[in-house]
Amino acid sequence: KFYFALTVTSSFISGLIFVFEWWHFRKYGTSFIEQVSVSHLRPLIGGAENTPPATTSFSAGENETSRQNMPECKVWRNPLNLFRGAEYSRYMWVTGKEPLTYYDMNLSAQDHQNFFTCDTDALRPSDTVMQKAWRERNPQARIKAAYQALELNNDCATAYVLLAEEEATTIVDAEKYFKQALKAGEMIYRKSQNCHSQSPQHEAQLRRDTNVLVYVKRRLAMCARKLGRIREAVKMMRDLMKEFPLLSMLNIHENLLEALLELQAYADVQAVLAKYDDISLPKSAAICYTAALLKARAVSERFSPETASKRGLSTAEINAVEAIHRAVEFNPHVPKYLLEMKSLVLPPEHILKRGDSEAVAYAFFHLQHWKRIEGALNLLHCTWEGTFRMIPYPLEKGHLFYPYPSCTETADRELLPTFHEVSVYPQKELPFFIHFTAGLCSFSAMLALLTHQFPELMVIFAKAVNRWVCILPGYSYWMENVFSDLSSVT
């Protein structure tokens, strides 16, 4: 009866602890036992946090402006999207896996129709053919239509664009097509400039020809970047941004940031960030994590968690930690890719800001830049998880940015291929003490059940355990004396 009462009581107490731990975690997002241990017990035994909570240095105005300017789940064109023929198709030939989803390719078809067509296409037979080509679902039908357009007009820029994107099997071939598209596009653009004020139709035509010219120049710069001509690519991007300053929504500066990081021109990277990391523009993982990388670069080479826990963080280290926390809160999926805790796939043609698709697109191109800076990934590894303790829970409240959208998982599953395991957030992992109390509760309940079913056997088991508990200290004392005698004899 005594053993049965003891096991029932311990099972009941551990069950209460488990229920309270679970309730506290669901309401506040942290383990009560862990919180008490860190806040009250660790200082008593002389311990310290590796990284103290970073202070918030962002104004409420920035938070409110971000809430107003950023739609909840808007899908954006990936600034660094790959070439379908030269990269996506080659991946499919080698692996047999389709890297692009139908939803993603359908969004691209809509983009092409918006960028490369207008109401005056009926006046030019080649543009009429291309208007139908962008609506074709079959790649071979689109390529065939592009050749038909070139037969009607050898200076059809959009036909060369389609062939560069989908028929060219190498970047070199794609660049050749884009150079032909540039020659034709500049000629048509100049004609549209001369007569754009004559009617609304001519103005729409100029808008379309501008889109074609900007697209071609950007892709040519990306070809130069992929072929190793980095300085040429940087110059082309800078010239494009100066020539068309109002097209900032195309995020050409993200292409520029990546190319400058490849050149290790960190001062130029900082200058670009100073211009584009503004509260009036939508944030992106590229901007937030590049800013964190530059701040980490100043301290990462000499950073040590043990040393920092003893002496505290310096001002530069605090700034780096704050920048990492800011970046992680904007997009919490990126660190696992940068730390190679999760495998990468080819980035999609469209991304969701703050989603897993944006994290894949960022890490695919920027992982090498983090690896190049000694200690940067180590600093990220030591500090990024601390962000989750700082973010208010439930996460609908937001912190530095607007609240995390609840629709990101659904949109990412549409954008990313089926063989990729989509990262889900917010989803906090259960603390150790909840697992511990659940195991303790289950073990106590099992003992109570066995004691009730087999009382005599459990009494024998309890006495045996009690005997061993009493014998072990004497056995350890005997072994200690034996070893001490042996050492004295030796």
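Modeller: Met341 sits in the loop between H17 and strand S2 (350-352). Helices (H or I, at least four residues) and strands (E, at least two) are DSSP runs, numbered from the N terminus. This is a predicted model, in which local features need pLDDT of at least 70, side-chain atom pairs count only at pLDDT 80 or more, and totals for chains, interfaces and linings use all residues. Residues are numbered from 1 along each chain as its sequence is written, and side-chain values use heavy atoms, with hydrogens and water left out.

Met341 is partly exposed, because its relative accessible area is 49%. Buried means under 20%, exposed over 50%, and partly exposed in between (1.4 Å probe, protein chains only). Leaving aside neighbours within four places in sequence, Met341 is in contact (heavy atoms within 4.5 Å) with Lys336 and Trp384.

H14 spans residues 285-297, 13 residues in total. From first C-alpha to last, H14 reaches 18 Å, close to the 18 Å expected at 1.5 Å a residue. That expected span is 1.5 Å times one less than the number of residues. Eleven of the 13 residues of H14 are buried, so the helix is largely enclosed by the rest of the structure. Among them are Cys288, Tyr289 and Leu294.
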